[in-house]
Amino acid sequence: MKRLSAAILVLLLLFAFGCKAEVMHSAVDFVCDTVVTVNAYAPQETVDDAIRLMRDYERVLSKTVEGSDVWKLNHANGQPTEVNPETAELLRLSVEIASRSGGAFDVTVAPLSALWDFNAETPVLPDPDDLADAAKRVDYRNIAIDGNTVTLKNGAEIDLGGVAKGYIADRVAAFLRERGVRSACINMGGNILVFGGKPNGAKWSIGVRDPNGTAADSEEVLSLSDGAVVTSGSYERGFDLDGVRYHHILDPKTGMPVQNGLASVTILCENSATADALSTACFVLGPTASGKLLAAYGANAIFLCSDGTRIAVP
Ligand code: ADP
Ligand code: MG
């Protein structure tokens, strides 16, 4: 009898400690111009450190933060510039996806994106001549990377807005794993990365936003233990003028917002930097032309059209 009670006590203690380790902590903040959330089965301190890490990366990868790697490159007048290894790594991935997408995704869109102010109170369309001039400087082949030294040639400038949030989510996941966290969900404004499922064996639920609804309306809900789900939408940043939607995903050849009937593209893929770049690339390419690119990265996509059509690739 005594032995049985002792065994029950041990079991109860184990259960109590197990539960303690399985409490989820969360933090919400505003980083990289978007609302970010970390939910992790980890101490609050670790979750707060994850948010701090997002800020550290923002200071390195933001185009507007003075002294960031991107800022230094864009102000280097074409001179070779030493950057952080992470920046070099992200640029290598960006150039690879630019090349594989035939330039549909191109981080040298900076001179074009600079001509648009999607937050303006009274939005205006950029001058067509300015767009044409800026488009001449857009070409990912102007990015030369040698180790951690980067050179922007022929007046190129970079904007990592289409890939940085995804990359940061990957780095935050790596940080949490290093801290021994086995289960977390990182959300950087629609760039979602999960790992480890929930401790009770359940998967994480990730809503794909209904492009015609509010941020709280889901078109469908995906269940995932590990991986990235990243959405690019025309509802994200943009304005309506004379019945036309002008938004932040630009055709690098013209500098105009892509108008191909798509409302959003959601990518499912192992790695969230790749998923982020692919979401932008596939938005520009459209469902038919995206097949090969998606296959190259083992990724899946859900294209939602403005008319309500849903196309899954593959
Ligand atoms: P979000 O920022 O809403 O997550 P995206 O990942 O689709 O959306 O990235 C859009 C951002 O990427 C734009 O705000 C701009 O900074 C940049 N961008 C726009 N068009 C392109 C493009 N064709 N290729 C690469 N980056 C782009
Ligand atoms: Mg993207």
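Visitor: What does Lys 136 form a salt bridge with?
Guide: Its partner is Asp 133, and the closest N and O atoms are 3.2 Å apart. Keep in mind that this is a predicted model.

Visitor: Is Lys 136 buried or exposed?
Guide: Lys 136 counts as exposed, at 65% relative accessibility. Asp 133 is partly exposed, with a relative accessible area of 45%.

Visitor: How many salt bridges does a search of the whole structure find?
Guide: The search finds 13. One of them joins Asp 49 and Arg 179, with the closest N and O atoms 2.9 Å apart.

Visitor: Where do Asp 49 and Arg 179 lie?
Guide: Asp 49 is in helix 2 (residues 44–61), while Arg 179 is in the loop between helix 7 and strand 6 (184–188), so the pair ties together parts that are 130 residues apart in sequence. Asp 49 is buried, at 16% relative accessible area, whereas Arg 179 is partly exposed, at 44%.

Visitor: And what about Arg 100, which residue does it pair with in a salt bridge?
Guide: That would be Glu 96, with 3.7 Å between the closest N and O atoms. Both residues sit in helix 4 (residues 85–100), four residues apart, which is about one turn of the helix. In general, an α-helix has 3.6 residues a turn, so residues three or four places apart point the same way.

Visitor: Nice. Changing topic: which protein donors does the magnesium ion (ligand 2) have?
Guide: They are Gly 162 (O), Asp 276 (O), Asp 276 (OD) and Thr 280 (OG1), at 2.2 to 2.6 Å from the ion. Gly 162 comes from the loop between strand 5 (149–152) and helix 7 (164–178), and Asp 276 from helix 8, so the two tie together parts that are 114 residues apart in sequence.

Visitor: Are Gly 162 and Asp 276 buried or exposed?
Guide: Gly 162 is buried, and so is Asp 276.

Visitor: How many residues of helix 8 are buried?
Guide: 18 of the 25 are, so helix 8 is largely enclosed by the rest of the structure.

Visitor: What happens at the start of helix 8?
Guide: A side-chain oxygen of Asn 271 comes to within 3.1 Å of the backbone nitrogen of Ala 273 there. Just after the helix, Gly 298 has a positive phi of about 60 degrees.

Notes:
Residues are numbered from 1 along each chain as its sequence is written. Chains are lettered from A and ligands numbered from 1 in the order in which they are written. This is a predicted model: local features need pLDDT of at least 70, side-chain atom pairs count only at pLDDT 80 or more; totals for chains, interfaces and linings use all residues. Side-chain values use heavy atoms; hydrogens and water are left out. Buried means under 20% relative accessible area, exposed over 50%, partly exposed in between (1.4 Å probe, protein chains only). A polar contact is a pair of N or O atoms within 3.5 Å; within protein, one must be able to donate a hydrogen and the other to accept it, and residues adjacent in sequence count only if both atoms are side-chain atoms. Donors are N, O and S atoms within 2.8 Å of the metal (3.2 Å for Na, K and Ca); water is not among the atoms, so sites may look incomplete. A salt bridge is a side-chain nitrogen of Lys or Arg within 4 Å of a carboxyl oxygen of Asp or Glu.
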